[in-house]
Amino acid sequence: MPHPFNVDLTVDGHVHTRLCGHADGTMKEYVEAALRTGLRKITFLEHLEVAIHTRRKSWLTTDDFADYFRRGRRLQKEYRSRINIGLGVEVGYNPQAIKPLQHHLARYPWDTIGLSYHFYSPAGLHYNMASRNRDHITALKARGLDRVAEDYFKGLIQALEEIPCDKICHLDAVLRHVPEFQFTDDHLDLIEMLLERMCVKGVALEINTAGFTIGDHPHPCPKITKKAIRLSIPLIVGSDAHHPTQVGRFFDRLPNWFQSLHSRPESLFQPD
Ligand SMILES: [Zn+2]
Ligand SMILES: [Zn+2]
């Protein structure tokens, strides 16, 4: 497969397993799926959240991660000659828990740290900004969608200063299940600032193909990806699989999609 813009499509850099409580399949089943798909490398990026108050936990505790590393090390040995296996983490930003997050991240030798920002707390309980759950969306609407997105991007900009990370996951996934929501000019300014900080810090941008389950492009959208390419921010592809059958999903669409970025209007954030 061609590698447009030097994106390696033989690596799936973002998969989950049943260890998080909301995905299916064992680590071994994901590795087997990656082999069937012809991938050269698969990176587990299990959820870590700290001090998040929700009705249901959907991430690993730090003790769960000890088990994750034990299983992962075994698989790395078993599949050594067939596929490269990365053991990483998708850490969720929480502005109220910077020190504990730093502490937990320092506990394990992650191959890669993906930074995301899922949970927002207008008052007490946390609500997932990327979720399709109606209760979460209702609570976020009560706060004001523009404000939620503004706090989301400001949060990520701040997180880059506080949380060590290698890439930002699904950067524009905030409120992705609220069809009427659109980014304002202020949001776009914040996105530009965020990309510029990523550039300075050498943090990569994830091209998350779960976006194709909602629309005609991955996360992030074409204009953000174009801006990242112009800044020479490295791009890393991930399926965000929550089931073994989703490993490498939609990667076959990416060569054409990257090609199509060429034909879009040059000026950044013009309507397209
Ligand atoms: Zn998940
Ligand atoms: Zn995520």
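Pro220 sits in the loop that links β8 (204-208) to α7 (222-230). In this predicted model, the peptide bond from His219 to Pro220 is cis. Its omega is near -5 degrees. Most peptide bonds are trans, and most residues other than glycine have a negative phi.

Ser232 has a positive phi, near 60 degrees. Ser232 belongs to the loop between α7 and β9. Ser232 is exposed, because 9 other C-beta atoms lie within 10 Å and the class extends to 12 or fewer. Phe250 also has a positive phi, of about 65 degrees, although it is not a glycine. Phe250 is placed in the loop between β9 and α8 (254-261). Phe250 has 17 C-beta neighbours inside 10 Å, so it counts as partly exposed. A buried residue would need 20 or more.

The overall fold comprises eight helices and nine strands. The radius of gyration is 18 Å, close to the 19 Å that the globule rule gives for 272 residues; the protein is therefore as compact as a globular protein of that length. Along the principal axes, the C-alpha atoms fill a box of roughly 50 × 45 × 35 Å. Of the 272 residues, 40% are buried. Contacts with a separation of 6 or more were also examined: residues 24 or more positions apart account for 78% of them.

Seven strands form an open sheet. Their order is β1-β2-β3-β4-β7-β8-β9, and the pairing is parallel. The edges are β1 (11-15) and β9 (235-238), each of which pairs on one side only. Within the sheet, β2 (residues 41-48) and β3 (residues 84-92) run parallel and are joined by eight bridges. One bridge involves Lys41, whose partner in β3 is Asn84. Helix α1 (residues 27-37) packs on the sheet. This helix touches β1, β2 and β3. The direction of α1 makes about 145 degrees with that of β2.

Two packed helices are described by the angle between their axes and the distance between the axes. The crossing of α1 and α2 is right-handed. From α1, the contact is made by Met27, Lys28 and Val31. From α2, Arg71, Gly72 and Leu75 take part. The residues of this contact divide into three nonpolar, one polar and two charged.

A separate pairing involves β5 (residues 119-123) and β6 (residues 125-128). These two strands pair in the antiparallel sense, over three bridges. Ala123 has Leu125 of β6 as its bridge partner. The hairpin of β5 and β6 has one residue between the strands. In this hairpin, Gly124 takes a positive phi near 80 degrees.

Conventions
Residues are numbered from 1 along each chain as its sequence is written. Chains are lettered from A and ligands numbered from 1 in the order in which they are written. This is a predicted model: local features need pLDDT of at least 70, side-chain atom pairs count only at pLDDT 80 or more; totals for chains, interfaces and linings use all residues. Helices (H or I, at least four residues) and strands (E, at least two) are DSSP runs, numbered from the N terminus. The radius of gyration is taken over C-alpha atoms; the globule rule is 2.2 Å times the number of residues to the power 0.38. Two residues are in contact if their C-beta atoms, placed from the backbone, lie within 7 Å. Two strands pair if DSSP finds at least two bridges between them. Axes are lines fitted to C-alpha atoms, for helices over the stretch in contact, and angles run from 0 to 180 degrees between N-to-C directions. A crossing is left-handed if the near helix is turned anticlockwise from the far one by less than a right angle, and right-handed if clockwise. Ala, Val, Leu, Ile, Met, Phe, Trp, Tyr, Cys and Pro count as nonpolar, Asp, Glu, Lys and Arg as charged, and the others, Gly among them, as polar.
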